[in-house]
Amino acid sequence: GRLFALTGNDTGLFFPFSGALYFDYASPYTGRISVATPTGVVGEWADVSLEKEGGTSRIRINGTVVVSGSTSAVLSAASVALFLGCAPDGSSFFKGWVKEMAVWNDGTAANCIARCAALAA
């Protein structure tokens, strides 16, 4: 199902859906990366990181990049609504538990480590 979605931006994460993970960044056509669902993710605790750096998007599972791809999509600057656990129309329910969620705009390694450590404290 859909773990999160943003209205008006076609941005979201299907985790998992039909045997794959899908990260849509601003467009399912020019901003999607996907990978077959990694072994050991379904039914287990996993740290999932979505990254967008320049023209590259990544999905990391427990710190390891499981898919990386070029994306040309650009986010709108408009304010949007964030939906957790479903699509904006209420469909595609996520079936699972989310322990915590953190969002920031500087995902450099040093910042990620410091911010994750602060969350754990």
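Is leucine 82 buried, exposed or partly exposed, and what is its relative accessible area? Select leucine 82 to find out. The model you have open is predicted.

**Stop 1**

Leucine 82 has a relative accessible area of 47%. Buried means under 20% and exposed means over 50%, so a residue in between counts as partly exposed. Leucine 82 is therefore partly exposed. Color residues 82-84 next: this is strand E8, and leucine 82 lies in it.

**Stop 2: the loop with serine 27**

Move to the loop between strand E3 (20-24) and strand E4 (32-36), where serine 27 is found. Serine 27 has 11% relative accessibility and counts as buried, because the limit for buried is under 20%. Show its side chain, then the backbone of threonine 30. A polar atom of the serine 27 side chain lies 3.1 Å from the backbone nitrogen of threonine 30.

**Stop 3: the open sheet**

Select strands E5, E6 and E7. These 3 strands form an open sheet in the order E5-E6-E7, with antiparallel pairing. At the edges are strand E5 (48-53) and strand E7 (64-70), each pairing on one side only. On average, neighbouring strands of this sheet are turned by 15° against each other, direction ignored.

Strands of a sheet pair through backbone hydrogen bonds. Zoom in on strand E6 (residues 56-61): its antiparallel pairing with E7 runs over 6 bridges.

Methods
Residues numbered from 1 in each chain as written. Predicted model: local features only at pLDDT ≥ 70, side-chain atom pairs only at ≥ 80, totals over all residues. Heavy atoms only, no water. Helix = DSSP H or I, 4+ residues; strand = E, 2+ residues; numbered from the N terminus. Buried < 20%, exposed > 50% of the residue type's maximum accessible area, 1.4 Å probe, protein only. Polar contact = N/O pair within 3.5 Å; in protein donor to acceptor, adjacent residues only side chain to side chain. Pairing = 2+ DSSP bridges. Axes fitted to C-alpha atoms, helices over the stretch in contact; angles between N-to-C directions.
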